[in-house]
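Student: Hi, could you walk me through this one? I'd like to go through sheets and helices.
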Amino acid sequence: KKRLLIATGGGDCPGLNAVIRAIVKRASFEHNWEVLGSIDAFNGILKDPMHIIELTPEKVAGIHIQGGTIIGTTNKGGPFNWPIKNPDGTWTTVDRSQDFLDRLRYQNIEALINVGGDGSQRISQQLFELGCPVIGVPKTIDNDLSATDFTFGFQTAVDIATDAVDKLVTTAASHHRILILEVMGRFAGWIALHSAIAGGAEVCLIPEISYNIKNIMQAINERIDRGHDFANIVIAEGARPVDGDMTFVESDEPGAMKIKLGGAGLRLAQELKNAGCTIDIRVTILGHLQRGGTPNAFDRILASQFGVKAFELVLQEKWGSMVAYRHPNIVAVPITEAIEKYNYIDLNSDLVATARGLGISLG
Ligand code: F6P
């Protein structure tokens, strides 16, 4: 039998299990294929003993409605950055890509499907350049990958963030407060802008536009002049003032435990206070709630389409390709197309024009 290995890497995302299920279902029609999963991205293959599991149609039955990934994920390690602890307690990384390819050969694995975001698809491309038979499937709640109209997980994250805005609007109105919601998005403000439009926020701050606190105060004061005594602000975690950096805090030691703190919303609250805001302010950091739980119907469908198409590309041996959504089609693009350019919000787009047209201040 031919063996296919699936890995899911990077931050998890609603729809990962729907991709896995679709690949396994589609592969089960070709009786000479066996599907395996590498536990915790490619680290399962690199571990001793290896940690890979067989993925049968029975095992994946019904998992498309579950959040997370049944084969686990991580953003640490991988074939090119395997962490090793030095005797003095510090960490370093080594390149184990040749070892990785040898292990695939030893396991008779003839195809890899790597489901992941920007970082994971860079690994796919590097492996492809070393001769590895790999197909990429794009994944991220951030929607910041180029070459595809949308990634699965994004619409579910927008639903979750919109639900949060809806709830914060009613409590802001009752208490006559400013409520700030911090959502994910380090470099691109897709979740922030979509949920601000859907939920009806007055201010939306995104990484693509450095904000000026005076403009935000002006928007709030104008709103007060129009007779309103509350406001809702959505801010992406990577948004920053014109004269400041991202507040994102993380340890960058390769093997170290990571602690990440939301900070953009708290900083904004302080800046509003310093700028003379007299309305009470509260901050909510939505955090990993945006990544958990069941995918919505759109994401289940997109993820299933990606899974089926990825297996077709395996049969066609289109190594080095990534599946992509180009409405209304699912197509194959070179992985390089997804990683050579970052998918920022185009400030001249209709989406931004809609936000401005609704009177949402973008700072
Ligand atoms: O890329 C997905 C994402 O959820 C980002 O929006 C967020 O900044 C980051 O991952 C959080 O990563 P971690 O899982 O390491 O906390």
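Tutor: Happy to! Some terms to start: helices (H or I, at least four residues) and strands (E, at least two) are DSSP runs, numbered from the N terminus, and two strands pair if DSSP finds at least two bridges between them. This is a predicted model, where local features need pLDDT of at least 70, side-chain atom pairs count only at pLDDT 80 or more, and totals for chains, interfaces and linings use all residues. Residues are numbered from 1 along each chain as its sequence is written.

Student: Great. What's the strand order in the open sheet of four strands?
Tutor: The order is β9-β10-β8-β11, with parallel pairing. β9 (203–205) and β11 (281–285) are the edges; each has a single partner strand, so one side of each is left without a neighbour in the sheet.

Student: And by how much are neighbouring strands of this sheet turned against each other?
Tutor: On average by 15°, direction ignored. Axes here are lines fitted to C-alpha atoms, for helices over the stretch in contact, and angles run from 0 to 180 degrees between N-to-C directions.

Student: How many bridges join β8 to β10?
Tutor: Six, between residues 178–183 of β8 and residues 231–236 of β10, and the two strands run parallel. One of the pairs is L179 with N232 in β10.

Student: OK, other sheet. What's the order in the open sheet of seven strands?
Tutor: β3-β2-β1-β6-β7-β12-β13, and the pairing is mixed. At the edges are β3 (52–54) and β13 (329–334), each pairing on one side only. Neighbouring strands here are turned by 30° on average, direction ignored.

Student: Which helix packs on it, and which strands does it touch?
Tutor: Helix α1 (residues 16–28), which touches β1 (2–8), β2 (33–38), β6 and β7. Contact means that the C-beta atoms of two residues, placed from the backbone, lie within 7 Å. The direction of α1 makes about 160° with that of β2.

Student: How do α1 and α10 cross?
Tutor: Their axes come within 7 Å and cross at roughly 40°, with α10 covering residues 297–315. The two helices are therefore oblique to each other: under 35 degrees counts as roughly parallel, over 145 as roughly antiparallel, 65 to 115 as roughly perpendicular and the rest as oblique.

Student: Which residues meet there?
Tutor: Among them are A18, V19, A22 and I23 in α1, and A303, F306, G307 and F311 in α10.
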